[in-house]
Every structure is written in C-alpha cells, then in structure tokens.
Amino acid sequence: MEKEKLIWKTNEISLNVTAGKIDSYRRTEETKNTIRVYEDGKIGIAGSLGEIDEAALTESAKKALSYGIEYPCELHGNTINADDAHEIILQKEFIPKMQEFLDRITKECPNFTVSDKIKLSELRHTYENSKGAHLFSSSSWLEFSLIFQNKGAGNLFDASYEGYVGEFDEDAAVRDCKLLHDSFYKNTDIEEGVYPVFMLSEVLLGRTIDHFFANTYASGASLLSGKIGEKVFNEKFTMYDDRSHLTCPPACVFDDEGEFAPDFKQVFVKNGVLTNVLTNKMYSKTFSLPSAATAGAAYDGVPQFTALTCCTEPTASSAAEITKEKAILVMMASGGDMTPAGHFATPVQLAFLVENGEIVGKLPDIGISGEYFELLGKDYLGTAEKAFFPSLRNSYMACRMKVTK
C-alpha cells in the first residue's frame, strides 16, 4: 500500500472598504488535510479540517478503498523547498497603511467613491508520500479588489483596480489609480473597424480554456482535438500554467498530486505549437496524454485538474513595443462567450483608446469579436508585461479584433 499526505495552510487578513474607509476587518486561518492510499489499482481518500490526526485519517482512507475508485499510483521521491513567504507589510501596520493608501486615492481621484476589499494572504502547502517525497511551498501576496463608483452616476461600479503584488509600492499604486480616474473623464471616440485590442489574458483565455481540458480534448469536442504536436497558433504565442512565485505569488509550485514542471511553468503552447493540455494522472493514463502537473483536488476529493494560473508569455515590456497604432484597452467586459465553432464576441462596458502605447481617454460602449484560431494566429500581436498599470502584476495580450458600436 502506498500513501500520500497533503496539508494546506492559509492565513488571510481581509479589509472591507466602503466609501474610501476601512469599516471592518477579518482574519481567517484555515488548515486542510488529505490522506490518499493506493492498493490494487484503487484509491482511498480521507480529508479533514484543522490539526491533522494522521492515524485516524489514514484509517478512514483505507476504508474508502472499498468504494472501488480506480486510480493509478505513480509516486516519486522528489524533494522541493520553495519557502518564499515574507512580510509584505507588518500586520500591526496593515490597517493604518491601507487607510493611508485609500486616503491618497480619495484625494487623487476626487470623482470616484472607492469600495470593496484588500487582502493580505499567505499560503503554506506540504506534500509527502511513502516513496520519500517531501515538497514544501510557501508564498505571500497582497491582493486589491477595489471598485470605483462615478459619484452621482448611480451605477454599482464604473471601474476597478484589481490584481495582486508580491511587494507593495504605494506611490506606483496611487499613480495607476489616478491614471484610471483621469482617463475615465476624458471622453474619446473611434470608428468601427479592425483594431489592436489589449486585454488581460484571462478575458480571452477564460472563455477558451475548456478547449485545453483533457476530457474535452480526448472526446473530440475541443477545437484543438488531435492537434498536440502541431503548430496551431502564432509563433509569438506561448501559453503556460505559471506556478513560479516570482511571477505568480498566489501559486503553489507543485500540483495537488505532487507533480511540478521545469521552472514551475507547465507549457501548453510553445511558439504556436500545441504541446499539452490540462490533465491529471488518471486522464494522462486513460487518454495517453503527457503529464502536465496541473492536478487540482478538494481536500476530500478525487484529483481532477485546474486552470487557475494559465497565462500567456510576455513578448514585450510595454504596449508601445507591440504596436504604436491606434488601439483599444479593454478594462471591463462581461456577457460574452465563444461558440462551439470558435467565434468569440463580447460587449465591453469600459474601454480606453490607446495611441503610441499610452491611454488617451475613455471610449463609449463597444463590442469586440473574432475567430479563435485567427485571434491567436495571424491576429495575435503579443503580450505586454505589466503594461498600462505597472503597479500590478497584470499582463495584457493584444489581438486584432473587429470593433463595433
């Protein structure tokens, strides 16, 4: 019988913000434990919350073998110690420091009312197995989820400052919020046509990621089915699951089956060539797919797969390096979708006009659309790292898209 033990520990301080003031504080500490045992091609799983009682949990997992859940046992004896947790802000200074930050935003952005949340988080994740593996990952990050309401407009919110950082630069964050505020009140316009469109990677990838799911790929329901090893996208386009703390602080460097990729970045598309899909050990074995180190699991559940940290590789350090043409920056887009045939379209609730890589002003409501293989093929222009609002780790990908009003 083989065995795995996983322990997740999270520590979070969350501040609720209303009208520019911190009005409540919540601190949560959570520990989740998993024991998995393997015997005769079957898996038994038991999970708990709080401090682990390993002996009792192991017995529960052994009893669960009777459920007859088939799962491959492919364990290794690797060791990793990625201990990158650090104090971004002293906890005793967190509330006054964030209130000072909010006060500066209120002063620099007089027409915005600021609300929602700020979170300071730490994750510690341990994986061990009966083959001698011992993996440890810890990280810290500060997350902003601030929404801005145009005073007097009556909308729930009109703009937002959202993202996470591994280090906090207050001056840079205030500059970015001021840029967002000032640009919001400079009205511009644009003719309908085809333009370079900048957007966060998750805006497009989030609506297309299911084509990278192992079960979708293997069943033939994916637009990518049967194309592993083929060049299907632009040679500038590289997509990967980012688990490096240098670029993605909230990630754990290994997946929930104790697997990890070189440099903690699992590549799915390399210079336009499809190299892999999101999978776990079961799907990899069942469908003869390469290992991907992208398994995800509930603390008391059978491993599946996850796509929480998929992103595109930056090709430039600024938007101007990608294009100096008149372009569009999408800030808020909801309600769109992609058809099974690959036609993508979405209304855009907030967009800015961009010239020479710089924001010029706010555009009226528009719609954007394109075809999947064209957007990531001939129409893909690249990805700018920390463009437009560099205080956050957000990167923006650019594609030529049809713009309608």
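# Briefing on a predicted model

F388 is buried, with a relative accessible area of 11%. The structure is a predicted model. F388 sits in the loop between β19 (380-384) and β20, and its phi is near 65 degrees, a positive value in a residue other than glycine.

**Positive phi angles**

- F388 has a relative accessible area of 11%, and it counts as buried because that value is under the 20% limit.
- D40 also has a positive phi although it is a residue other than glycine, the angle being near 55 degrees.
- The loop between β2 and β3 holds D40.
- With a relative accessible area of 72%, D40 is exposed, whereas F388 is buried.

**Helix α1**

- Helix α1 spans residues 54-64, and its buried residues are L57, T58, A61 and A64.
- An α-helix has 3.6 residues a turn, so residues three or four places apart point the same way.
- A55 and K63 are exposed on the other side of α1.
- What do the buried residues of α1 pack against? Their partners are the strands β1 (2-18), β2 (21-39) and β3 (42-49).

**The second largest pocket**

- The second largest pocket holds about 170 Å³ of space.
- Its lining consists of N11, I13, H86, E87, I88, I89, Q91, L120, S121, E122 and S140.
- By residue class, the lining of this pocket divides into 4 nonpolar, 5 polar and 2 charged residues.
- At least two lining residues come from each of β1 and β5 (112-129).
- Which element gives the most to the lining of the second largest pocket? That element is β5, with 3 residues.

**Salt bridges**

- The whole structure contains 20 salt bridges.
- Side chains of opposite charge can pair when their charged atoms come close.
- One of the bridges joins the side chains of K131 and E2, at 3.5 Å from N to O.
- K131 lies in the loop between β5 and β6 (134-150) and E2 in strand β1, so this pair ties together parts that are 129 residues apart in sequence.
- K131 is partly exposed at 48% relative accessibility, and E2 is partly exposed with a relative accessible area of 22%.
- R104 forms a salt bridge with D171, and the closest N and O atoms are 2.8 Å apart.
- R104 counts as partly exposed at 32% relative accessibility, and D171 counts as partly exposed at 41%.
- The side chains of D189 and K405 also meet in a salt bridge, at 2.8 Å from N to O.
- D189 is in the loop between α3 and β8 (193-200) and K405 is in the segment after β20 (396-404), so the pair ties together parts that are 216 residues apart in sequence.
- D189 has 46% relative accessibility and counts as partly exposed.
- K3, K5, E54 and E128 are linked in a network of salt bridges.

- K265 is found in strand β10 (residues 265-270).
- Is K265 buried, exposed or partly exposed? At 26% relative accessibility, K265 counts as partly exposed.
- Leaving aside residues up to four places away in sequence, K265 touches Y240, D241, D242, S244 and T247.
- K265 and L329 are 64 residues apart in sequence, and their C-alpha atoms are 27 Å apart in space.

Notes: Residues numbered from 1 in each chain as written. Predicted model: local features only at pLDDT ≥ 70, side-chain atom pairs only at ≥ 80, totals over all residues. Heavy atoms only, no water. Buried < 20%, exposed > 50% of the residue type's maximum accessible area, 1.4 Å probe, protein only. Helix = DSSP H or I, 4+ residues; strand = E, 2+ residues; numbered from the N terminus. Contact = heavy atoms within 4.5 Å. 1 Å grid on protein atoms, 1.4 Å probe; cavity = no way out; pocket = protein on both sides within 12 Å on 5 of 7 lines; lining within 4 Å. Points joined across faces, edges and corners; volume = space filled by probe spheres on them. Nonpolar A, V, L, I, M, F, W, Y, C, P; charged D, E, K, R; others polar. Salt bridge = Lys/Arg side-chain N within 4 Å of Asp/Glu carboxyl O.
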